[in-house]
Amino acid sequence: MDSLDQPLGGAEFAPTRTYLNTSACGLLPRRTVDAVTLLARETADGRAGGAGSFDVVDEARAAYARLAGVASERVAVGSSVAVHSGMIAQSMPAGAEILFPEGDFSSLITPFTIRGDLKVRFVPLERLAESVRPETALVGLSAVQSADGRTADLAAVRAAAAAHGARTLLDATQSAGWLPLAAGEWDYTVAGAYKYLLCPRGTSFLTVTEEAQDSLLAIHAGWVTGEERWVNSYGPVRELARSARRFDEPAAFLSYHGAAASLALLEEIGIGRIEAHDKGLAARFRAGLLSLGHRPVMDDSTVVAVPGLGHRADALEAAGVLLSARAGNLRASFHLYNTAADVDRTLDVLAG
């Protein structure tokens with residue numbers, strides 16, 4: 001087992017402060033900064049082929065597919081979870097019932113609530129599986145809750161949805177990159193890649209099963225979504241891609257050139273190693289909090305929330321420790337570049 005005293009990723013990271021805020025934004029590896037900088041310089045000089053490479057976008061797509069445990073044909077690229085969720089929301093029939101946990105992230109939920117003609121229902125996270133009913137058309141949830149790091153009983157939710165014929169939507173934004181993902185077990189998964197996947201902002205991935213693809217409207221369809229990409233510049237697209245690429249947004253090349261580099265690093269290290277490292281740091285932090293008389297949310301998650309302690313975030317930042325205040329919680333989030341020294345430093349500041 002790797003030592004918690006050493007970061008994973010080596011010289012790829014060099015934070016200038018104690019950074020425990022990956023749930024807000026991950027740190028970019030050096031290789032990612034180099035890839036973005038190179039493309040920016042080439043574009044400024046006048047790059048043959050324009051401002052980026054579709055081949056590199058497809059490298060990122062394939063790398064994410066491997067991390068998510070699906071074929072690359074099941075992955076669409078985009079810019080944000082809200083865009084992916086919006087496509088799914090706009091594809092639902094009027095009157096359909098959509099079930100979410102209370103307090104889940106707004107970018108997952110809002111595209112459904114603004115429709116106005118969907119029956120959106122909210123229940124406590126721990127009651128999600130038991131609340132699925134025959135009229136439920138879709139169950140959506142985050143694998144890890146942004147506000148407090150709680151994890152859901154994903155197997156129970158999938159089983160309940162299957163029993164009632166409901167489709168499933170999993171937001172893996174707070175889990176992909178440290179928690180193994182079997183995207184093929186869900187009709188749809190979405191993941192904003194700028195957190196634990198360490199990609200630049202503007203990268204987000206959607207996975208769609210072959211069966212679910214048939215009922216999803218390609219509302220962002222354009223020339224890049226054609227089966228033959230380079231023959232669709234004028235007039236209607238002749239044939240949409242037969243794969244999930246039909247749901248692509250036009251890729252932001254700077255972001256995706258960086259994403260290909262970041263995802264390659266995660267593959268080199270291995271999600272299993274990252275999971276053990278991150279969870280070990282989180283467990284150390286929870287134990288330290290308890291010793292100081294604080295009561296964190298107890299969950300086997302790399303995201304640690306302390307209810308009622310959100311007001312300490314500013315003082316911690318002033319002391320060089322960067323984390324977040326969310327829904328009244330002090331939220332720390334650990335990733336591969338963190339070490340036991342980061343945990344202990346944060347506990348020392350909290351001890352005052």
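Predicted model: local features only at pLDDT ≥ 70, side-chain atom pairs only at ≥ 80, totals over all residues.
Rolling a probe the size of a water molecule over the atoms shows where empty space is left. In this structure, the largest pocket has a volume of about 220 Å³. It is lined by 18 residues, and those closest to its centre are V81, F105, T173, Y194 and K195. If you sort the lining of the largest pocket by class, you find 11 polar residues, five nonpolar ones and two charged ones.

The second largest pocket holds about 160 Å³ of space. Here the lining is made of 13 residues, with F105, S146, A147, R326 and R331 closest to the centre. By class, the lining of the second largest pocket comes to six polar, four charged and three nonpolar residues.

## A buried threonine

Next, look for T207, which sits in strand 8, a stretch that covers residues 204-208. Is T207 buried or exposed? Its relative accessibility is 2%, and buried means under 20%, so T207 counts as buried.

What surrounds T207? Leaving aside residues up to four places away in sequence, T207 touches Y64, V70, R74, V75, A183, D187, Y188 and T189. With one of these neighbours, T189, there is also a polar contact: the side chains of T207 and T189 meet at 2.6 Å.

## Salt bridges across the chain

Side chains of opposite charge can pair when their charged atoms come close. How many salt bridges does the model have? The count comes to 21.

One of them joins R31 to E268, with the closest N and O atoms 2.9 Å apart. R31 belongs to helix 1 (residues 30-45) and E268 to helix 7 (residues 253-269), so this pair ties together parts that are 237 residues apart in sequence. R31 is partly exposed, at 25% relative accessibility, whereas E268 is exposed, with a relative accessible area of 53%.

## A pair within a network

Another salt bridge links E97 and R133, and its closest N and O atoms are 2.4 Å apart. E97 is in strand 3 (residues 97-101), while R133 is in the loop between strand 4 (119-123) and strand 5 (136-142), so the pair ties together parts that are 36 residues apart in sequence. E97 is buried, with a relative accessible area of 5%, and R133 counts as partly exposed at 31% relative accessibility.

## A pair within one loop

R242 and E227 form a salt bridge too, with 3.1 Å between the closest N and O atoms. Both residues lie in the loop between helix 6 (210-213) and helix 7, so this bridge ties together parts that are 15 residues apart in sequence. R242 is exposed, with a relative accessible area of 54%, while E227 is partly exposed at 28% relative accessibility.

Which residues do shared partners join into one network? Salt bridges of this kind connect E97, R121, R133 and E135. The E97 and R133 pair described above therefore has both its residues in that network.

Terms used: Residues numbered from 1 in each chain as written. Heavy atoms only, no water. 1 Å grid on protein atoms, 1.4 Å probe; cavity = no way out; pocket = protein on both sides within 12 Å on 5 of 7 lines; lining within 4 Å. Points joined across faces, edges and corners; volume = space filled by probe spheres on them. Nonpolar A, V, L, I, M, F, W, Y, C, P; charged D, E, K, R; others polar. Helix = DSSP H or I, 4+ residues; strand = E, 2+ residues; numbered from the N terminus. Buried < 20%, exposed > 50% of the residue type's maximum accessible area, 1.4 Å probe, protein only. Polar contact = N/O pair within 3.5 Å; in protein donor to acceptor, adjacent residues only side chain to side chain. Contact = heavy atoms within 4.5 Å. Salt bridge = Lys/Arg side-chain N within 4 Å of Asp/Glu carboxyl O.
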